[in-house]
Amino acid sequence: MLDDAFDFDFSLIAIHCSLEDYRLAFMANKYAGLRLKSSKDVDFYIKKLKYSFASFKYDDQKNYQTFTLIANKYKLKQAQRLVTSDLFADSESEHYKTVNLIPEVKNADYLLKIESDNGKSPRLKLLAHLNQIPQIITAYEVEVSALKSKQNLIFE
């Protein structure tokens with residue numbers, strides 16, 4: 001089983017907010033003292049369709065910790081042809097399908113993954129700082145062991 005092959009030793013914070021990814025990274029840097037920088041997008045392929053989730057990363061080498069802010073939602077634009085019996089017979093409309101990186105927390109807009117090699121995780125302090133950001137509706141810790149799709153958070 002895949003769970004046995006990987007060590008899921010990290011903390012996860014779910015963030016609900018409507019900020020653009022780069023703005024959230026800026027605000028997290030400002031309020032929580034992080035140094036998140038734009039990182040390579042995380043790509044997933046499902047049924048030959050590519051889904052890219054924006055990510056920002058900060059390697060705190062002094063404290064042996066890595067922080068990765070990643071979008072939990074990807075909106076896939078789907079054109080749909082509508083056939084009607086009126087003047088505008090063949091009209092096209094756009095629909096969006098939302099794909100979640102971690103479906104168990106589908107309402108979360110972003111996820112903050114915290115990996116620590118020193119056995120300490122600053123998640124409680126970080127949660128307090130994140131919840132001070134006015135644009136964040138809420139931020140809370142997610143129990144990683146309860147997630148069925150936690151393997152989606154292994155990307156390196």
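This is a predicted model: local features need pLDDT of at least 70, side-chain atom pairs count only at pLDDT 80 or more; totals for chains, interfaces and linings use all residues.
Leaving aside residues up to four places away in sequence, Leu130 touches Ile13, Ile15, Ala28, Leu112, Ile136 and Ala139.

**Leu130 and its surroundings**

Leu130 sits in helix α3. Its relative accessibility is 1%, which is under 20%, so Leu130 counts as buried. Ala32 is 98 residues away from Leu130 along the chain, yet the C-alpha atoms of the two are 6.5 Å apart.

Ile15 is one of the residues that Leu130 touches. With residues up to four places away again left out, the contacts of Ile15 are Leu24, Leu69, Ala108, Asp109, Tyr110, Leu112, Leu130, Ile136, Thr138 and Ala139.

**The nonpolar cores**

The largest nonpolar core has 25 residues, and those touching the most other members are Ile13, Ile15, Leu36, Leu69, Leu112, Leu126 and Leu130. Two or more residues of this core come from each of β1, α2, β3, β4, β7, α3 (123–130) and β8. Helix α2 gives the largest share, 5 residues.

The chain contains 3 helices and 8 strands. Read from the N terminus, the order of these elements is α-β-α-β-β-β-β-β-β-α-β. An open sheet is built from 6 strands in the order β2-β3-β4-β7-β1-β8, and their pairing is antiparallel. Strands β2 and β8 are the edge strands, each pairing on one side only. From one strand to the next, the twist averages 25 degrees.

Strands β1 and β7 are antiparallel partners joined over 5 bridges. Within this pair, Ile13 has Leu112 of β7 as its bridge partner. Helix α2 packs on the sheet and touches β1, β3, β4, β7 and β8. The direction of α2 makes about 15 degrees with that of β3.

The table lists the residue ranges of some of these elements.

| Element | Residues |
|---|---|
| Strand β1 | residues 11–17 |
| Helix α2 | residues 21–32 |
| Strand β2 | residues 37–46 |
| Strand β3 | residues 49–60 |
| Strand β4 | residues 65–71 |
| Strand β7 | residues 110–116 |
| Helix α3 | residues 123–130 |
| Strand β8 | residues 136–142 |

**A buried lysine**

Lys150 is found in the segment after β8. Is Lys150 buried or exposed? Its relative accessibility is 8%, and the limit for buried is under 20%, so Lys150 counts as buried. A polar atom of the Lys150 side chain lies 3.3 Å from the backbone oxygen of Ser145.

**The chain as a whole**

The chain has 156 residues, of which 40% count as buried. Among contacts in the chain with a separation of 6 or more, 62% are between residues 24 or more positions apart. The pair of strands β1 and β7 is an example of pairing between separate stretches, residues 11–17 and residues 110–116.

**Confidence in the model**

Mean pLDDT for the chain is 85, and 83% of the residues reach 70 or more. Over residues 1–6, pLDDT stays under 50. For residues 1–6 the model has 4 contacts beyond four places in sequence.

Note on methods: Residues are numbered from 1 along each chain as its sequence is written. Side-chain values use heavy atoms; hydrogens and water are left out. Two strands pair if DSSP finds at least two bridges between them. Helices (H or I, at least four residues) and strands (E, at least two) are DSSP runs, numbered from the N terminus. Axes are lines fitted to C-alpha atoms, for helices over the stretch in contact, and angles run from 0 to 180 degrees between N-to-C directions. Contact means heavy atoms within 4.5 Å. pLDDT is the predictor's confidence in each residue, from 0 to 100. Buried means under 20% relative accessible area, exposed over 50%, partly exposed in between (1.4 Å probe, protein chains only). A polar contact is a pair of N or O atoms within 3.5 Å; within protein, one must be able to donate a hydrogen and the other to accept it, and residues adjacent in sequence count only if both atoms are side-chain atoms. A nonpolar core is a set of buried Ala, Val, Leu, Ile, Met, Phe, Trp, Tyr and Cys residues joined through side-chain atoms within 4.5 Å.
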